[in-house]
Each structure stands twice: as C-alpha cells, then as structure tokens.
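Student: I would like to learn how to read a model of this kind, beginning with the chain as a whole and ending with the ligand. Could we take the features one at a time?

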Amino acid sequence: MTSNVEFRRMHADDLDQVLALEQQAFSHPWTRKLYDDALLSYECWMMLVDHQHVGHGVINQVLDEAHLLNIAIAVEQQGKGLGLQLLEYLMQRSSARGCVECFLEVRASNHSAYRLYERFGFNEIGRRRDYYPSAEGHEDALVMAATLFSEE
Ligand SMILES: CC(C)(COP(=O)(O)OP(=O)(O)OC[C@H]1O[C@@H](n2cnc3c(N)ncnc32)[C@H](O)[C@@H]1OP(=O)(O)O)[C@@H](O)C(=O)NCCC(=O)NCCS
C-alpha cells in the first residue's frame, strides 16, 4: 500500500487538473459543467501522492445509501493499488456519514473497474440496457452494490 497518500475535498480550482486526468482515463469523461454541479451537490474527493493529484472520486449520499458516481486514477499511476485505496477511503467516509450500502454503475466493457469493485466486495445486482453512449452506439451498465460496515 502506498503510504504517502492524502485525501482532501475537491475545489473549483482543482477542475483543470481533474478534467485533464479524465480526458486521458475515460472514453466519455465528465464535462466541466457536470463537475461544477457535482461540487455543489456531492462529495468530491482528491487523492494525492507526494502532494500530487493522482485520482479523485465523487459520492452522492441519499439518506443511508451512498452512490459512487465517479472514480478515476491517472493512467500512468494505474495498477499500483491506488484505485483500491481510493475506493476504500470513499467507502469509509460514506460509512462514517451513516451509509450502510453503496451502489454504482459500471460499463459492461470496463473490466478493470469491475474487478476493482469486486475486490472491494461489490456484487452485481442488475443491468441497465444501453445505458451509456459508446463508440458503437450504446452499451449496458452493470449495477453493483456493497454493504458498508462501520469500523466502530
Ligand atoms: C478503475 C480504476 C479506478 C482502477 O484504478 P487502479 O489504481 O488501476 O486500481 P488498482 O491498482 O487498485 O487495481 C488495478 C490492477 O492492478 C493490480 N495491482 C494493484 N496493486 C498492484 C501492485 N502493487 N503491483 C501489481 N499490480 C497491482 C490489481 O490486482 C488490479 O489488477 P486487475 O485489474 O487485473 O484485477 C482505473 O483503472 C481508472 O481510473 N480507470 C479509468 C476510469 C474508470 O474506468 N473509472 C471507473 C468508472 S465506473
């Protein structure tokens, strides 16, 4: 596990870096407008290693449910365990805020994200047909859920 890791809330002046990372990491990255809205409505977190931005995640809390809306690690930093560390941090935060379950959607073709979620303890609970735009037209979303356990 990388130890010199910090997490902090995302601010408007982080968005240039966040959008640049997403342009590299995603086929369909979030837009600035989506992030402007996310900063007002959701919990947006930055992950830093040696004070450098390496990833981020966005959580929406609805009563005692967390919804993971976005998670990304910079392409050149992937495959080192940072994605799992970020996911664990976001889930701990959600649990500490009273969430007992987390839901997310993932592209059916996104095997690395799917494996990451499975490693954490997410299970596939459903499928939304043609939910995402894709190069071929549309692709399905897999819906996943995990129970969150309080550390107390
Ligand atoms: C999905 C994503 C967040 C995963 O981040 P990551 O930092 O690469 O995740 P991890 O390093 O924890 O795990 C990735 C792989 O590295 C492996 N790994 C982890 N630590 C490792 C280490 N120290 N040495 C070698 N391999 C390692 C894991 O076993 C895993 O392997 P697998 O994919 O074959 O199962 C990242 O790929 C990403 O940002 N993708 C683009 C955006 C995206 O798709 N987000 C999800 C939207 S739903």
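Student: Of the contacts in the protein chain with a separation of 6 or more, what percentage comes from residues 24 or more positions apart?

Tutor: Keep in mind that this is a predicted model. Two residues count as in contact if their C-beta atoms lie within 7 Å, and here 58% of the contacts with a separation of 6 or more join residues 24 or more positions apart.

Student: How many helices and strands are there in the protein chain, and in what order do the elements run?

Tutor: The protein chain has four helices and seven strands, and, read from the N terminus, their order is β-α-α-β-β-β-α-β-α-β-β. With a radius of gyration of 15 Å, close to the 15 Å that the globule rule gives for 152 residues, the protein chain is as compact as a globular protein of that length. The C-alpha trace spans about 40 × 35 × 30 Å along its principal axes, and 24% of the 152 residues are buried.

Student: Which residues come nearest to the ligand, and which elements give two or more residues to the shell around it?

Tutor: There are 18 residues around the ligand, of which Gln-78, Gly-81, Gly-83, Leu-84 and Arg-115 come nearest. Two or more residues of the shell are given by each of β4 (65–73), α3 (82–96) and α4 (111–120), and the largest share, four residues, comes from α4.

Student: What classes of residue make up that shell?

Tutor: Sorted by class, the shell around the ligand holds 10 nonpolar residues, six polar residues and two charged residues.

Technical notes
Residues numbered from 1 in each chain as written. Predicted model: local features only at pLDDT ≥ 70, side-chain atom pairs only at ≥ 80, totals over all residues. Near = placed C-beta within 6 Å. Nonpolar A, V, L, I, M, F, W, Y, C, P; charged D, E, K, R; others polar. Rg over C-alpha atoms; globule rule 2.2 N^0.38 Å. Buried ≥ 20, exposed ≤ 12 C-beta atoms within 10 Å, placed from the backbone.
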